[in-house]
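Please read the points below with the structure open beside them.

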2 protein chains.
Amino acid sequence: MLDDRSPTVYDVARHAEVSIATVSRVLRHPDKVSETTRRRVLASVEELGYVPNASARGLAGRRTGVLGLLIPGHDIPTTSLREPVGEEGGTVAFLDDRDGRQADPYRNRYFEQLVRGAEAAAWKAGYALLVAAGTSVSRDVVVHDLAGRVDGLAAVARTVPEDLLLRSAGRTPLVTIAGEAGAGSDAVRADNRGGMAALVRHVLAVKPRGPVLYLAGPPDSPDAAAREAGFRDAVADRDVVWSALLGDFTWRAGHDVMAAHLAREVPAAVVAANDQSALGALAALRESGVEVPGTCVVTGFDGIDESRYATPTLTTVRQPMVDLGIRAIELLLRRLADPGADACELRLPVDVLLRQSCGPLP
Amino acid sequence: MLDDRSPTVYDVARHAEVSIATVSRVLRHPDKVSETTRRRVLASVEELGYVPNASARGLAGRRTGVLGLLIPGHDIPTTSLREPVGEEGGTVAFLDDRDGRQADPYRNRYFEQLVRGAEAAAWKAGYALLVAAGTSVSRDVVVHDLAGRVDGLAAVARTVPEDLLLRSAGRTPLVTIAGEAGAGSDAVRADNRGGMAALVRHVLAVKPRGPVLYLAGPPDSPDAAAREAGFRDAVADRDVVWSALLGDFTWRAGHDVMAAHLAREVPAAVVAANDQSALGALAALRESGVEVPGTCVVTGFDGIDESRYATPTLTTVRQPMVDLGIRAIELLLRRLADPGADACELRLPVDVLLRQSCGPLP
DNA sequence: GTGAAAGCGCTAACAG
DNA sequence: CTGTTAGCGCTTTCAC
């Protein structure tokens, strides 16, 4: 390359012997230009290797063509970064992985699927997707490095500082993902409550005779609250004996609470607020020799990987993360098209994955 | 909001009674402004809710502050998109998942980890990350929707049309991920060859007495070629009886080739070019009643989820995808800082995950 | 159908 | 330390 500077509309215009306005038209409204000029301009574009500058476009057109997606941070430990190897080959690490722990240090699939859905939806609508995942996404960072770059922002609940929502409102459209309805901003979430209710009704239909144990999540989690509400919905209109015990979404709590409970009573069904605690409960049941699903059926919630490989495989509920991503972008697009539209809140149905831990299929 | 237009430097300048240059300075070179003015300007910024416009910045500063990451498409089936539910709750889908197939329609974790690494590295360097994942990323799309938006582009090999590389070279820095060295562009890849060689040397050390079978990948895959080379490296300097059979990276091929081979001979080790075919081979061995790892050890390559949950769990090699993402961005940054630097090609060491299928630990 | 010209909002000399 | 000014590359009226 002789000139290191990228060619601009001016270069193309000169080369094609037209005005810059025509070059711009050819690229944006091809039908408003005569066939012959269009050809000529496109040929010049090709020959010069012209690539339109998005910043200039964005500035002139008052839109960036970019949507932002804000997800919780990943906590990538940069310390374990591997050094490149030389010609001789280098230091291959041998890891003892008999317990399967090494396989994947970054387990949370949720947000990755969100990215996929969002990316696909954005792309389809002609937008690019900017992904941000700060461990500590500070207010300043959002404002300075994100808000000014995008036409709209989709953010997983509790990743954006609350006051930002307010500042943003009316300026950059914002949709909240998987959280409570924000201050007038659009939102999309999974129907945790309805999903749990549906699951529990199914459980009531297939479980052996006996009481139901609900293994609740931490009281401060909105998800836990919604799921518990769903559980209550399902048992409310039925003649069931049930009790609830407090967990905290961990395997440990699930296991210990279950074990303690088993000392007093063997339930006919254990409905856990999430998979981790369900797996813990499963372990405790096994230790006590309780047959699952024969004597007691068990269900989880989330659809984490481990649920597929548990013994027995765990019946659970999967949130439609890809769909959440898609819908979030769609809401953004809707608001972009009609800034005055009413704030809207989408609730997406979940999928119940029927597996061995819950006995026969319906 | 009375004025729907976002405030600009002019608004802030007027409000703080300074010039726009000072506003700009406060934001970009705070130390070049007196304490008092800085305070005043920041107060105005805050009060007006000013957010700098990235397009204008990019245009004026000739840099966008954005890096692009191009990964293979996801093939999101938009047809299965779920409809939102109403107040009443909606149609929860019950899926028979006894075979575990429903759990995750989007299985390929590779690129997601890549995104993570890249995102973290880019962010750390003060860049935002634009992720593009077209199913059919056409040349035009890359040129029009990506190249003009970013300061540099990292692309998974074979996602970008070749001619684009040439056009791009010297303009937008480009690094190729997990592919051959491009036309002078930087590249980063996993040390497939070295990793396989290390794995195979380990296998030779622990396997029972007897011949080794190499289950090769498709001839047209660069990965397969590198792995096979690694295998040959490892057996070359050793007194081993071995043979190779052609597979195509699928479970089916792994199974069938293995089954056919078993009719003639029971190897003491099966080294497969990837996990899928290793799992197929594992199945065939089980069908024939060959004990793994007692009679025959087995290894895969890739570290897919299934390898952790196979019976026995599969010894395999994991590519450092997160690291690849990080390094790709680092290469980009390097070239951004020094456009004239020599093209460089990084090879990252892989991790060998020792699991049950390969017998005792070293 | 095409061209001239006026910005879009910001940065970075260059003066003062 | 602060202000003036000239663009950055493109889109878009508005004339012709």
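1. A:Arg189 stands opposite A:Arg347 in β12(A). Strand β6 (residues 186-190) of chain A is joined to β12(A) by 4 bridges, and the two run parallel. Strands (E, at least two residues) and helices (H or I, at least four) are DSSP runs, numbered from the N terminus; two strands pair if DSSP finds at least two bridges between them.

2. This is a predicted model: local features need pLDDT of at least 70 and side-chain atom pairs pLDDT 80 or more, while totals for chains, interfaces and linings use all residues. Residues are numbered from 1 along each chain as written, chains are lettered from A and ligands numbered from 1 in written order, and side-chain values use heavy atoms, without hydrogens and water.

3. The open sheet has 12 strands with mixed pairing, in the order β12(A)-β6(A)-β5(A)-β4(A)-β1(A)-β3(A)-β3(B)-β1(B)-β4(B)-β5(B)-β6(B)-β12(B).

4. Which residues come nearest to DNA strand D? Of the 28 around it (a heavy atom within 4 Å), they are A:Val9, A:Tyr50, A:Arg57, B:Arg25 and B:Thr37. Sugar and phosphate make up 59% of the atoms of DNA strand D that come within 4 Å of the protein.

5. Polar contacts are pairs of N or O atoms within 3.5 Å. A polar side-chain atom of B:Arg25 lies 2.4 Å from a base oxygen of DNA strand D, and one of A:Ser24 lies 2.7 Å from a phosphate oxygen.

Methods
Polar contact = N/O pair within 3.5 Å; in protein donor to acceptor, adjacent residues only side chain to side chain.
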